[in-house]
Amino acid sequence: MRIPLAGAALTAALASSVTLFAPAASADELVDAADPARMISILRGLGHPAQLDTDEVGDPLIRSEVGGTRFAILFYGCDEARHDSCNFVLFRVGYDLADGLDLERINEWNATELVGRAFRDDVDDPWLELAWNLDGGVTARNFETTIACWEAAVARFEQHIRF
């Protein structure tokens with residue numbers, strides 16, 4: 001499979017940029033979706049505001065911001081009774097555009113970008129999502145790198161949709 005040039009350039013840039021900053025957590029500590037407070041701590045350590053909330057069914061929800069754009073981290077695979085022990089997260093951001101966005105621009109994003117899946121809602125406004133399986137945990141460095149990838153994808157998506 002060929003990685004689009006934008007994806008390869010992003011991967012190389014992010015791999016080098018993550019090491020430029022002091023890590024927000026020990027690189028060998030695992031992060032998983034069962035501990036939203038730890039995720040918030042890392043986000044804050046990376047300079048992103050983050051607040052724990054709950055979604056409409058009672059599962060955890062993190063509200064945060066990258067580059068001035070608010071986004072949410074939704075939790076899935078949670079214990080249905082206790083709303084904890086989650087194992088999957090979904091980063092999500094949506095944009096309210098006066099005229100929505102045409103399907104061709106959404107398809108172009110999905111065909112050329114490595115990070116983030118784009119779609120339109122029922123009024124043709126664009127959304128960007130990044131699904132991430134954290135079952136069993138990932139290293140803190142992996143978590144930090146994924147945040148950097150998300151931040152870069154949000155910035156590129158905003159350029160792509162001319163937001």
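Does Phe71 count as buried or exposed, and at what relative accessibility?

Analyst: Phe71 counts as buried, because its relative accessibility is 5%; buried means under 20% relative accessible area, exposed over 50%, and partly exposed in between, with a 1.4 Å probe and protein chains only. This is a predicted model, in which local features need pLDDT of at least 70 and side-chain atom pairs count only at pLDDT 80 or more, while totals for chains, interfaces and linings use all residues. Residues are numbered from 1 along each chain as its sequence is written, and side-chain values use heavy atoms, with hydrogens and water left out.

The aromatic pairs come next. A search of the whole structure gives nine aromatic pairs; rings of Phe, Tyr and Trp (its six-membered ring) pair if their centres lie within 6.5 Å, and planes under 30 degrees apart count as stacked, over 60 as edge-to-face and the rest as tilted. Phe71 and Phe91 are stacked, because their ring centres are 6.1 Å apart and their planes stand at 15°. This pair links distant parts of the chain, 20 residues apart, with Phe71 in strand 4 (residues 69-76) and Phe91 in strand 5. Helices (H or I, at least four residues) and strands (E, at least two) are DSSP runs, numbered from the N terminus. Phe91 counts as buried, at 0% relative accessibility.

Trp132 and Phe143 also form a stacked pair, at 5.4 Å centre to centre and with 25° between the planes. Trp132 belongs to strand 7 and Phe143 to helix 4 (residues 140-160), so this pair ties together parts that are eleven residues apart in sequence. Trp132 is buried at 11% relative accessibility, and Phe143 is buried with a relative accessible area of 0%. Ring pairs join Phe71, Phe91, Trp132, Phe143 and Trp150 into a cluster.

Six strands form an open sheet in the order 2-3-4-5-7-6, with antiparallel pairing; two strands pair if DSSP finds at least two bridges between them. Strand 2 and strand 6 are the edge strands, each pairing on one side only. From one strand to the next, the twist averages 25°. Strand 4 and strand 5 run antiparallel and are joined by five bridges, and Tyr76 stands opposite Phe88 in strand 5. Strand 5 (residues 88-94) pairs with strand 7 (residues 126-133) in the antiparallel sense over seven bridges, and the bridge partner of Gly94 in strand 7 is Trp127. Four bridges join strand 7 to strand 6 (residues 117-120), again antiparallel, and in strand 7 Glu129 is the bridge partner of Arg117. Strand 6 and strand 7 form a hairpin with five residues between them, and Asp124 in the turn has a positive phi of about 70°.

Two helices lie across these strands. Helix 4 lies across strand 3, strand 4, strand 5, strand 6 and strand 7, running at about 165° to strand 7. Helix 2 lies across strand 2, strand 3, strand 4 and strand 5, running at about 155° to strand 2. Axes are lines fitted to C-alpha atoms, for helices over the stretch in contact (heavy atoms within 4.5 Å), and angles run from 0 to 180 degrees between N-to-C directions. In helix 2, the buried residues are Pro36, Arg38, Met39, Ile40, Ile42 and Leu43; what covers them includes strand 4, strand 5 and helix 4.
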